[in-house]
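Please keep the sequence and the coordinates at hand while reading.

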Amino acid sequence: MKWRPRLRTLLLLANLVLLALPLTGVFLLRLYESALIRQTESELMGQGALIAAMYRVDWLRAAPDGAFSTMPLSKTPPPDGPWQPIVANLDLADDPILPEVITAEMPKAEPHDVARRIGADIKPVLMQAQRQTLAGIRILDHRGVVATSTGEDEGRALGAMVEVARALEGRATSVMRRRPPVQPEFLSPLSISRGASVRVFAVVPVVENGRVFTIDTTATV
């Protein structure tokens, strides 16, 4: 006699399938969001590396003799070879989403004179780049004070931010922070990140002779 499943068994299997579908969808959506965040992190790190290279050339040309002696020592071992790749590793499942930081409420300080002068020279380049990359860009001195920015936070001391503190030790760092609500009129179809609930911050240190003399940060706007 050919076996046939009972109606109750079929209904149970159907309910299990219906229950599994949304759970599978949530899992796949989470994977997709993590992939987008990692791609964003990689792009921000690439932008930061280019800005850091440009800034390094100007700094070495303009810095007075003995300037490096006052800069903090890097706590990161120097690379074994000429290559210094920066690997994207943010993951929604493992990395925390930090609270929003309002830089306008951070303490004010005077940036290093050389950092301020170089920042003023390259700020038009950063502003133009922001139009294409849709990323906020800051250059900070060796104390974490904003020397130039595409925003309105120049002269703010950001050393208390965990990503800045790590970069001042010579470590390239990325973090996720909660995004403040964005008014609908400021949402753009060209900037998907503005509709997201998190912002990605990537910080790249600039190290010379074992000392950190500046860092730059890029972030989704």
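Predicted model: local features only at pLDDT ≥ 70, side-chain atom pairs only at ≥ 80, totals over all residues.

Two residues are in contact when heavy atoms of theirs lie within 4.5 Å.

Setting aside residues up to four places away in sequence, F213 touches Y55, R56, W59, F68, M71, D141, H142, V206, V207 and E208. F213 also belongs to the largest nonpolar core, which has 29 residues. I37, Y55, W59, I139 and F213 are the members with the most contacts inside that core. At least two residues of this core come from each of α1 (7-62), α2 (113-133), β2 and β5. The most is given by α1, with 7 residues. A second, separate core of 11 residues includes L140, V146, M161 and V203. As a general background, nonpolar side chains in soluble globular proteins tend to be buried together.

The sheet comes next. In what order do the strands of the open sheet follow one another? The order is β1-β4-β5-β6-β2-β3, with 6 strands and mixed pairing. In general, strands of a sheet pair through backbone hydrogen bonds, in either the parallel or the antiparallel sense.

Both senses can be followed along this order. Between β1 and β4 the pairing is parallel, over 2 bridges, and L98 has R177 in β4 as its bridge partner. Between β4 and β5 the pairing is antiparallel, over 6 bridges, with R178 opposite V198 in β5. Strand β4 is largely enclosed by the rest of the structure, because 5 of its 6 residues are buried. Further along, β2 (residues 135-141) and β6 (residues 211-220) form an antiparallel pair over 7 bridges. Within that pair, I139 stands opposite D216 in β6; I139 is also among the residues with the most contacts inside the largest core.

Two individual residues illustrate opposite surroundings. Is T148 buried or exposed? T148 lies in strand β3, and its relative accessibility is 1%; since buried means under 20%, T148 counts as buried. The side chain of T148 reaches the backbone oxygen of G119 at 3.4 Å. Again leaving out residues up to four places away in sequence, T148 touches G119, K123, L126, I137, R138, I139 and E154.

N209, by contrast, is found in the loop between β5 (198-208) and β6. Its relative accessible area is 63%; since exposed means over 50%, N209 is exposed. The C-alpha atoms of N209 and F68 are separated by 8.0 Å, although these residues are 141 apart along the chain. F68 is itself one of the residues touched by F213.

Of the 34 residues that line the largest pocket, Q84, I86, G170, A172 and P205 lie nearest its centre. Two or more lining residues are given by each of α1, α3 (162-167), β4 (173-178) and β5. The most is given by α1, with 6 residues.

Methods. Residues numbered from 1 in each chain as written. Heavy atoms only, no water. Pairing = 2+ DSSP bridges. Helix = DSSP H or I, 4+ residues; strand = E, 2+ residues; numbered from the N terminus. Buried < 20%, exposed > 50% of the residue type's maximum accessible area, 1.4 Å probe, protein only. Polar contact = N/O pair within 3.5 Å; in protein donor to acceptor, adjacent residues only side chain to side chain. Core = buried A, V, L, I, M, F, W, Y, C linked by side-chain atoms within 4.5 Å. 1 Å grid on protein atoms, 1.4 Å probe; cavity = no way out; pocket = protein on both sides within 12 Å on 5 of 7 lines; lining within 4 Å.
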